[in-house]
Amino acid sequence: MSSRLPIAEKLEWGKFVSPISDRNTSPYNWYSFKHRFGSGLVENIFNSFSLKKGDIVFDPFCGGGTTLIKAKTTGYNAIGLDISPFAVFLTNSLTTSYNSIRLRKILEKITHRANREILIPDVDILRKAFSDSALQYIFSLKKTIELFDTPERDFFLLCLLTILNSVSKAKKSGGFLRITCRRRSGPLSIKKTFMETCERFIQDVEQLKLNGNLVKAYIGDARHYPFWLKNKKFDAILTSPPYPNRHDYTRIYELELLVGFITSNKALKELRYDTLRSHVEAKKKHNPKGYHYPSLLLSLVEKLQERPLNNPRIIPTLEGYFEDMYLSLREMSKVIKKRGKIGIVVSNVRFAGIVIPVDELLGIIGEQVGLKIKNIHILRYRGNSSQQMLEYKRVPNRESLVIFEK
Ligand SMILES: C[S@@+](CC[C@H](N)C(=O)[O-])C[C@H]1O[C@@H](n2cnc3c(N)ncnc32)[C@H](O)[C@@H]1O
């Protein structure tokens, strides 16, 4: 561990890292986005950044939208960015104010009309996860939902995407989507689950108090911002990029992407290749001009080269991950106001028994783009995969909050 970096435990925030802390809080619990951080963590970080009401916050990897939802409910404005159209949709649909009376009227119409013959995208995983009649029903329901205007259209599409896993044979399992032996639901049971979900969310809508702050997410690449974003200045940035643990979000959320936003395998693969290089299938997209390969990373890669690795792409992926994070940090440093704070939640990873201290490496790389490293708060320690434990014993992996200041 580099002694120069300000690393210390802040374990009292640890219980808020996982989305389990929001399991009873709507709208966070409407859709189970596994890679979400808890809203309590966001609240603590906002408070520690001493933000003022009306300040504007940015999350360049907005995922399930926790930063934006919390901003909206506590009086800040916020912008989110994500490369996945599903994540952007999720964030926007969870931060919208809905009218429960209108939703109830539309729900009746939707479920009566959803019975048309529809062309289904010819993608293997859809056929494995659902029966033919279920697919017909799901896509016909989606087509009917699309006849309505926003925001109600988004509300009902969100309800549909929310139930996909529970009515299919697919199960999100770690970094994968697994096909299980579970029975697939037929159209009638899907209709019932859909209606119950809509009803539950409508009851929540009646209680929810979203204020008028402006929050919106957009599709974009955190390594290279769209032109309109380059001129913005934010009071704070709070984000959580993918961890270099090989989880591929385009596989984990494949059903949601295919039902909602992407119509072919080719388009899905293109998205997969374009994501941050946190998994072995992502490809290099941008040139990290000015990046200095950290000597700490070099020494770890040398150790890894001496170990048996179960995939030859692990080392190039790790190297690519830090190049991509250099680009992401460089973009963040351009849009954060002077003395503005940037909080990044990451986890260390372990390959063949070698721990990669992602938090420290980001601290070192952040300084390359002109950011000042203020703290690395260790939030909690996590276990290792059973394979790592068996071969290399248990070494707790820390999950940390890296704080920079401009
Ligand atoms: C750990 S999740 C973020 C979770 C978020 N903090 C929350 O609470 O829901 C990381 C997100 O990064 C997105 N992502 C991957 N590559 C990206 C890129 N190049 N630019 C922007 N977003 C990207 C993924 O789609 C995923 O939604």
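The model is predicted, with local features needing pLDDT of at least 70 and side-chain atom pairs counting only at pLDDT 80 or more, while totals for chains, interfaces and linings use all residues. Residues are numbered from 1 along each chain as its sequence is written, and side-chain values use heavy atoms, with hydrogens and water left out.

**Exercise 1. The two domains**

Describe how domain 1 and domain 2 meet, beginning with their bounds and ending with the kinds of residue on the side of domain 1.

Step 1. The domain assignment, which is automatic or comes from a database, gives domain 1 as 7–86 + 220–241 + 293–405 and domain 2 as 100–207. Their C-alpha centres lie 32 Å apart.

Step 2. Counting contact as heavy atoms within 4.5 Å, 5 residues of domain 1 are in contact with 8 residues of domain 2.

Step 3. Buried area is the accessible area (1.4 Å probe) that two parts lose on being put together, summed over both; for domain 1 and domain 2 this comes to about 690 Å², 70% of it on carbon and sulfur atoms. On the side of domain 1, W30, Y31 and K34 lose the most area to domain 2, and together they make up 76% of what that side buries.

Step 4. The residues of domain 1 that touch domain 2 divide into 3 nonpolar, 1 polar and 1 charged, with Ala, Val, Leu, Ile, Met, Phe, Trp, Tyr, Cys and Pro taken as nonpolar, Asp, Glu, Lys and Arg as charged, and the others, Gly among them, as polar.

**Exercise 2. Helix 3**

Step 1. Helices (H or I, at least four residues) and strands (E, at least two) are DSSP runs, numbered from the N terminus.

Step 2. At the start of helix 3, a side-chain oxygen of S84 comes within 3.1 Å of the backbone nitrogen of F86.

**Exercise 3. D55 and A352**

Explain why D55 counts as buried, and then treat A352 likewise.

Step 1. D55 sits in the loop between helix 1 (39–48) and strand 2 (56–59), and it counts as buried because its relative accessibility is 9%.

Step 2. A polar atom of the D55 side chain lies 2.9 Å from the backbone nitrogen of K52. Leaving out residues up to four places away in sequence, D55 touches Y76, N77 and D235.

Step 3. A352, in the loop between strand 9 (349–351) and strand 10 (354–356), has a relative accessibility of 6% and therefore counts as buried. Its phi is near 45 degrees, a positive value in a residue other than glycine.

Technical notes
Buried means under 20% relative accessible area, exposed over 50%, partly exposed in between (1.4 Å probe, protein chains only). A polar contact is a pair of N or O atoms within 3.5 Å; within protein, one must be able to donate a hydrogen and the other to accept it, and residues adjacent in sequence count only if both atoms are side-chain atoms.
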